[in-house]
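Me: I am new to this structure and would like to know what stands behind the terms used for it. Please take my questions one at a time.

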Amino acid sequence: SLNLAFLGDAVYSLMVRQYLVNSGDFPVGELTERSIGYVSAFAQAKAVRKLLDQDILNEQEKAVYMRGRNAHTNSPARHTDIQTYHAATGFEALIGYLYLKKDEERLRQIWDFLAKNRED
């Protein structure tokens, strides 16, 4: 599960960066600041709560999220509380799982839902 989260962190970061670059001509510093609003543990935990609250995830995806959320990690949560950190880890595991499955359509559906329901 933590390996999935490791991969999912990179995949989600790339998705966010592609979105931001395609959204306008911003200086790199601004792109970096905007990306934090998507990839921070707080933002990822908020995103997965939306997916769960709106019943967007199927049973398999929920199970992957739960395994990632419940995985034991030796690294401490930085800049956030432990519950938020675990929720973000579960979200990253889900993204990594979908990436390894090569389910680009499902990744796009999740991204589109999150982008549409984003509160800035």
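This is a predicted model: local features need pLDDT of at least 70, side-chain atom pairs count only at pLDDT 80 or more; totals for chains, interfaces and linings use all residues.

Me: Why is Arg106 called buried?
Reply: The cut-off for buried is under 20% relative accessible area. Arg106 has 13% relative accessibility, so it counts as buried.

Me: Where is Arg106 found, and which residues is it in contact with, leaving aside neighbours within four places in sequence?
Reply: Arg106 belongs to helix α6, residues 104–116. With those neighbours set aside, Arg106 is in contact with Ile56, Leu57, Asn58, Glu61 and Leu98. Contact here means heavy atoms within 4.5 Å.

Me: Why is Asp55 called exposed?
Reply: Exposed requires over 50% relative accessible area. The value for Asp55 is 52%, so Asp55 counts as exposed. Asp55 sits in the loop between α3 and α4 (59–70).

Me: What makes the phi of Asp55 worth a remark?
Reply: Most residues other than glycine have a negative phi. Asp55 is a residue other than glycine, yet its phi is positive, near 55°.

Me: What is the phi of Lys102, and where is the place of this residue?
Reply: Lys102 also has a positive phi, near 60°, and is not a glycine. Its place is in the loop between α5 and α6, just after α5.

Me: Why does Lys102 count as exposed?
Reply: The cut-off is over 50%. Lys102 has 69% relative accessibility and therefore counts as exposed.

Me: How do you know that the span of α5 agrees with its number of residues?
Reply: The expected span is 1.5 Å times one less than the number of residues. For the 19 residues of α5 this gives 27 Å, and the end C-alpha atoms are 27 Å apart, so the two agree.

Me: What makes α5 "mostly covered"?
Reply: Of the 19 residues in α5, 14 are buried.

Me: What makes Asp81 a cap of α5?
Reply: A side-chain oxygen of Asp81 lies 3.1 Å from the backbone nitrogen of Gln83, at the N-terminal end of α5. The limit for a polar contact is 3.5 Å, and the 3.1 Å distance falls within it.

Me: How much space lies in the largest pocket, and which residues are closest to its centre?
Reply: The largest pocket holds about 550 Å³ of space. It is lined by 20 residues, and Asp9, Ala41, Arg78, Tyr85 and Glu92 are the closest to its centre. Two or more lining residues come from each of α1 (2–23), α3 (41–53) and α5 (82–100).

Me: How do the lining residues of the largest pocket divide?
Reply: The lining has 10 nonpolar, seven polar and three charged residues.

Notes:
Residues are numbered from 1 along each chain as its sequence is written. Side-chain values use heavy atoms; hydrogens and water are left out. On a 1 Å grid over the protein atoms alone, a cavity is a set of points where a 1.4 Å probe fits but cannot get out, and a pocket is an open set with protein on both sides within 12 Å along at least five of seven lines; lining residues have an atom within 4 Å of a point. Grid points are joined across faces, edges and corners, and a volume is the space filled by probe spheres set on the points. Ala, Val, Leu, Ile, Met, Phe, Trp, Tyr, Cys and Pro count as nonpolar, Asp, Glu, Lys and Arg as charged, and the others, Gly among them, as polar. Buried means under 20% relative accessible area, exposed over 50%, partly exposed in between (1.4 Å probe, protein chains only). A polar contact is a pair of N or O atoms within 3.5 Å; within protein, one must be able to donate a hydrogen and the other to accept it, and residues adjacent in sequence count only if both atoms are side-chain atoms.
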